[in-house]
Amino acid sequence: MLWTGSFHSRDGTMNVFGSKELKEDVIDRGLCIGCGACIGICPYFETHKGKTAILFPCTLEQGRCFAYCPMVEVDLEALTQLWFGRSYDASPLGPYSAIRTAKAGPKANAGDFQSGGTVSALMDFALRRGTIDAAILTDKDGILPVPRLVTDPKDVYACAGSKYTSAPTLSELNRAIESGRRNLGLVVTPCQAMAVAQLKSNPLNESNFTDPVALVVGLFCTWSLNFRTFEPYLSGIVPIDSIKRIDIPPPPAEVLEIYTDDGKLEVPLAEVREKVADGCGYCPDMTAEFSDLSVGVFEGQTDLNTMIIRTDAGAELVAEAERDGYLILGDMPRENLDHLTGAAANKKKKALSRNREEGLLDATKDERPTFRLNDDIIEGLQGGGS
Amino acid sequence: MGAARLARDPYNLIITGVGGQGNVMASRVLGNMMVKDGYHVTIGETFGASQRGGSVMSHLRISKEGSWSPQIPRGQADFIIALEPSEALRLLSVFGNPRVRVLSNTRPIHSVAVIAGDAKYPSMNEIQSSIQELSADAWFVAATDEAVKMGNPIYGNIIILGALAGTGAFPMDRESFKTVISETFPEDRVDANVRAYDLGMEMVSRSEKAHDGVTLG
Amino acid sequence: MSDLYGGKEGTTHLVMGNEAIARGALEAGISVATGYPGTPSSEVIERLAEVAGEAGIYTEWSVNEKVALEVAAAASFAELRAIAVMKQNGVNVAADFILHLVLSGTRGGLVLVSCEDPGYLSSQNEGDSRTFARLNEIPLLEPGDFQEAKDMTKWGLELSEQIGNLVLLRSVTRMSHASGDITFGPVPGERAQARFRHEGAMLDPEGGPMLALGLRHREVQEKLKKAVALFEDSPFNTYEGPEEPELLLITSSACSLYSREAIAVLGVQDRVGLLKMGTTWPLPPELMKKNLSRCDRILVVEEVLPFLEDNVKILAAEMAPEIGIKHFYGKKSGHIPSTGELNPDLVVAALGDLMDLSYEPVPAEFREQADALVANKAPPRGLTFCPGCPHRASFWSIHNALELDGRKGFMCGDVGCYTLAILPTGFSTLRTAHSMGSGSGLASGFAKLKQFGMDQPVLAACGDSTFFHAAIPALINAVHHEADFTLVLLDNSGTAMTGFQPHPGLPISAMSDNAPAVDMEAICRSLGARVEVCDPFDLTRTRETLNDLMDDERGAKVLILRQECALSPERKASKPYEMRVDTASCVGEDCGCNRLCTRIFGCPGLVWDEAAKAARIDEVICVGCGVCADICPHEAILKEEI
């Protein structure tokens with residue numbers, strides 16, 4: 001994938017720099033959450049036990065690593081225009097056409113789902129239907145999440161289950177693109193979805209660019225844990241090898257559950273929150289706004305999911321999946337919707353305010369902001385409400 | 001062979017190249033040839049770490065009178081023999097003078113700085129024209145290329161010795177060469193070395209020269 | 001050289017300084033020669049080993065310089081003549097034994113040959129071990145040319161026997177590695193018989209035990225006085241020039257050649273007197289008095305420290321009532337640089353200043369032309385690992401493992417080819433570099449700092465030869481003190497940097513092709529350390545093993561990276577792969593590669609073709625190890641088995 005050189009900005013606001021700026025703006029500031037967007041493109045970025053490393057310096061002034069990174073120069077305004085044909089208004093849940101409840105239908109494998117099994121069922125269906133030729137998911141090795149490319153629908157289910165530490169899933173996307181794969185489907189977190197949105201926008205203006213991603217399924221996410229601090233914390237409680245499963249039950253439990261052969265242990269969620277990746281505090285997106293559809297828990301019922309349908313492609317896929325028995329949809333109760341909206345609004349306001357206070361939204365001539373938004377949105381953060 | 005044949009006393013030659021090119025072997029062979037012909041020879045060399053990609057230099061002082069410093073003073077080289085062309089440039093700025101003669105191989109060896117893109121390797125045109133401007137006489141021979149055809153690039157250093165003999169600017173006796181080679185190498189390698197020497201002599205008569213004629217003695 | 005032993009008396013030969021020393025030892029009838037490889041000393045033992053059979057001598061590459069001197073001393077105690085050979089750093093390793101040896105004294109002649117490296121042309125540092133002679137009160141000899149290198153080695157052995165103590169002979173790179181024509185002397189036919197007489201009384205020098213006792217200190221000083229008396233008439237101290245020169249230049253060693261040439265260049269042979277000293281500790285006072293009386297201005301020219309200068313000044317101060325007050329020039333006055341090696345030009349500059357003469361080596365017109373045309377045009381040629389060197393692959397993996405680990409871990413190094421890993425050729429991986437085995441000692445120390453908050457992973461590197469020389473005690477220290485670090489033992493089957501000499505880990509020694517090889521891996525395991533073995537050319541496995549070792553907090557661990565040196569006879573004889581670059585697949589300067597192979601990996605066999613905008617194999621330099629194919633991110637470098 002050879003790029004031909006200079007960047008032509010869409011409306012003059014999205015700027016692309018290189019790995020040197022990526023290191024200064026994101027890694028050295030502690031904002032990297034290990035999404036993997038910069039990994040798998042070139043030999044310089046690598047990941048090890050959840051942490052992104054730069055092996056050697058790259059001297060290029062512009063690179064895809066910087067362009068894709070969701071923690072620097074993310075032009076929310078331009079991306080929203082590109083995806084949804086409208087302005088970024090910082091609405092809590094982002095653009096959508098419908099919000100439903102969902103769970104795996106009879107055709108999907110019965111299995112050990114974390115909650116409703118919606119995502120696994122949907123990816124299984126998308127592969128069978130040919131909407132996508134390969135799915136990029138997240139499997140695990142012990143408690144370490146590991147990106148995985150899946151082409152056989154049956155293998156989707158091995159990747160089911162929430163991962164609480166960030167996974168460099170996008171590294172597998174980059175590798176797939178590099179090896180010539182197209183028509184890819186992804187299950188990604190909100191930050192990863194933002195990175196993918198940037199990738200799909202052809203930020204380096206490559207002349208022979210074709211969009212390799214056919215389907216983006218987002219996951220709701222409030223925060224993600226830093227593996228490098230979380231793993232030692234856990235190993236101080238039980239031997240890592242003995243852990244079968246980890247779960248965070250819905251409020252008001254305020255605990256993290258650790259399942260071993262000997263049973264279940266609980267630790268206070270407050271202790272676990274100390275291991276949240278620093279970068280998560282700067283992320284305004286709880287529901288993966290830059291996706292075809294996004295899925296999360298349904299409060300109060302562990303065998304059900306909340307699904308936000310956003311694009312026409314997403315709506316079409318969901319309708320067919322329901323028709324063919326892979327999904328069972330329901331109506332979203334008002335109360336749940338309000339709770340969801342409130343939680344999303346909270347995260348967004350806190351994050352954008354923090355960005356603004358730390359000067360990370362400044363976009364004067366020489367500065368590289370985390371996010372680019374219209375001025376009225378930024379001003380709106382000074383007062384109350386979102 | 002006698003003192004009359006040396007243009008100056010001591011006659012100062014520098015053989016330069018990159019570690020691993022057979023610089024030391026060439027200077028040793030040449031030195032032994034001159035000792036057989038009755039001269040006093042002092043050779044100064046750097047090796048060891050230099051082999052790891054660095055420049056190497058052998059300073060040869062040929063004299064009827066006695067021992068000299070193993071390092072030639074600034075501006076006192078009579079003949080610079082470069083197994084690697086850019087090394088000739090490096091030496092000319094320190095040891096060159098209006099009377100110096102230069103014999104150079106034509107094949108570049110890129111240093112890691114050049115390979116990494118941190119330094120530029122001058123073009124062969126630039127190297128040749130700079131050498132020609134600064135020297136009294138200059139010869140360029142594709143010694144490594146011919147050595148590769150002979151089966152091993154290491155013969156390049158012997159071809160260069162033959163080329164040096166071919167310039168006629170410095171008294172070298174082919175019989176002394178053959179004697180030294182038979183004392184230095186096993187029997188089955190002697191023929192190849194003699195052929196390399198003869199090839200070098202022949203190549204010089206074909207190569208470019210800066211000025212007409214060759215000053216002898 | 002084949003006629004090192006067989007060469008007849010009176011014949012002329014072109015020899016290296018080290019070969020001259022070897023010949024001098026043979027002419028003195030030595031029976032034993034020991035050493036540890038160290039540039040610029042190694043050729044002395046190499047050449048003696050080559051002729052050991054026909055000469056009937058024993059040569060040994062000892063495990064380190066201390067043991068080398070002990071082995072040579074044993075020969076001396078048994079009434080044989082012997083030499084121990086090392087570079088300046090090695091004298092420091094042998095220092096503890098030297099301190100004691102001079103107290104017991106010697107019997108058969110024993111000379112310690114120290115070949116030093118002013119200007120650190122082939123070393124990390126430049127040292128000056130002449131002070132060891134003063135420190136230990138033994139005679140010091142410095143040959144001033146190649147003939148003297150031979151003659152003084154022989155005389156040094158005779159002197160040692162006369163006084164019954166060790167003699168230090170000091171050479172430098174520009175003597176040891178330079179060559180000149182010399183005339184051989186005769187080699188004795190008789191072989192001495194070994195016999196250690198020890199049954200006599202405790203202090204009987206000829207037949208008693210050899211004990212280093214403090215109460216023998218005065219004996220040492222008496223022996224030295226005997227040597228000084230012999231120095232007064234030594235032919236190795238010479239004077240050339242007018243009876244009463246304007247300036248007296250005092251010098252020794254290779255500097256005498258530079259000085260003589262500098263005097264000739266300036267044409268001041270009738271104004272400057274040259275006193276060349278070959279016996280430089282102690283300085284013979286009568287000879288010095290005679291020469292110091294010649295004039296009032298004295299320039300001392302030497303490398304590296306102002307040893308001669310200081311000692312001359314002390315004598316001059318003592319003799320001042322008789323010789324008058326002198327003006328001294330040299331390192332202290334700034335006329336001679338205080339560091340680095342010398343050359344004729346530096347001496348010309350000093351002389352020119354003191355004699356008020358200016359000197360232009362070339363006409364200004366030529367100098368300006370040269371500056372314009374060629375100065376700075378030749379690109380810098382820095383040191384790099386050889387093509388196919390296993391260290392390049394090892395440090396690639398080590399560097400990447402440390403970056404992936406992400407805790408700012410580091411590696412401590414020591415002496416060998418792998419010391420180059422302080423440079424980009426080894427990805428600047430080594431963060432400390434000191435003496436033999438010191439990396440392991442430092443690492444053992446760093447690894448005990450956890451209680452003070454140190455959470456950085458600690459690695460150390462040592463070579464196979466260095467392991468035996470000095471690293472074993474440090475590793476034992478680490479195991480016993482539960483120091484959590486990983487020693488990476490770079491086993492390339494030889495002492496590579498100094499010319500590929502054998503060491504105890506190989507079935508080869510100076511005298512045998514079938515020697516017992518000491519098993520490094522077994523030693524490490526027997527210490528109770530966790531030991532892993534990898535081929536450094538297997539980049540993935542090496543890197544993964546390193547990360548695993550860095551996560552393992554159970555004390556000292558060893559990773560042996562075993563792959564033969566590219567300069568070993570076995571590897572030189574074979575080329576495993578034919579390499580080429582597929583230009584169409586090469587991403588080169590673009591995003592996705594940015595010239596990883598030529599910009600970072602840096603093997604001299606892989607160059608950048610600016611016209612094709614792609615990497616290219618230099619088939620003359622490439623040895624076909626295949627590692628570059630494994631680092632290329634786009635599989636554009638192809639390897640085909642030969």
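Student: Quick one before we start: what counts as a salt bridge here?
Tutor: A side-chain nitrogen of Lys or Arg within 4 Å of a carboxyl oxygen of Asp or Glu. Keep in mind that this is a predicted model.

Student: Fine. Which residue meets C:R23 in a salt bridge?
Tutor: C:E27 does. The N to O distance is 2.8 Å, so the pair falls inside the 4 Å limit.

Student: Where do C:E27 and C:R23 lie?
Tutor: Both sit in helix 2 of chain C, residues 17–27. They are 4 residues apart, which is about one turn of the helix.

Student: Is C:E27 buried or exposed?
Tutor: Buried. C:R23 is buried too.

Student: Why can such side chains pair at all?
Tutor: Because opposite charges can pair when the charged atoms come close.

Student: How many salt bridges are there over all chains?
Tutor: The count is 84. One of them joins A:E73 to A:R372, with the closest N and O atoms 2.8 Å apart. That pair links distant parts of the chain, 299 residues apart.

Student: Where is each partner, A:E73 and A:R372?
Tutor: A:E73 is in the loop between helix 2 (64–68) and strand 3 (74–75) of chain A. A:R372 is in strand 15 of chain A, residues 371–372.

Student: Why does A:R372 count as buried?
Tutor: Because its relative accessible area is 12%, and buried means under 20%. A:E73 is buried as well, at 1%.

Student: Switching to C:R216. What does C:R216 meet in a salt bridge?
Tutor: C:E219, at 3.4 Å from N to O. C:R216 counts as buried, at 1% relative accessibility. C:E219 counts as partly exposed, at 28%.

Student: And C:L215, where is that found?
Tutor: In the loop between strand 8 (179–183) and helix 10 (217–231) of chain C. C:G214 is found in that loop too.

Student: Is C:L215 buried or exposed?
Tutor: Exposed, because its relative accessibility is 63% and the cut-off for exposed is over 50%. C:G214 also counts as exposed, at 55%.

Student: What does C:L215 make with C:M202 and C:L203?
Tutor: A nonpolar surface patch of about 320 Å².

Student: Back to C:G214. How far is it from C:S104 in space?
Tutor: 9.3 Å, C-alpha to C-alpha. Along the sequence they are 110 residues apart.

Student: New topic, cavities. How many of 30 Å³ or more in the whole structure?
Tutor: The search finds 11.

Student: Which residues are closest to the centre of the largest cavity?
Tutor: A:V26, A:C32, A:C35, A:C38 and A:C69, out of 16 lining residues. Helix 1 of chain A, residues 19–27, gives the most to the lining, with 3 residues.

Student: What classes of residue does that lining have?
Tutor: 13 nonpolar, 3 polar and no charged residues.

Definitions and conventions
Residues numbered from 1 in each chain as written. Chains lettered and ligands numbered in written order. Predicted model: local features only at pLDDT ≥ 70, side-chain atom pairs only at ≥ 80, totals over all residues. Heavy atoms only, no water. Patch = residues over 30% accessible without salt bridge, like charges linked within 9 Å, V, L, I, M, F, W, Y side chains within 5 Å. Areas by Shrake-Rupley, 256 points an atom, 1.4 Å probe, with all protein chains shown as cover. Helix = DSSP H or I, 4+ residues; strand = E, 2+ residues; numbered from the N terminus. Buried < 20%, exposed > 50% of the residue type's maximum accessible area, 1.4 Å probe, protein only. 1 Å grid on protein atoms, 1.4 Å probe; cavity = no way out; pocket = protein on both sides within 12 Å on 5 of 7 lines; lining within 4 Å. Points joined across faces, edges and corners; volume = space filled by probe spheres on them. Nonpolar A, V, L, I, M, F, W, Y, C, P; charged D, E, K, R; others polar.
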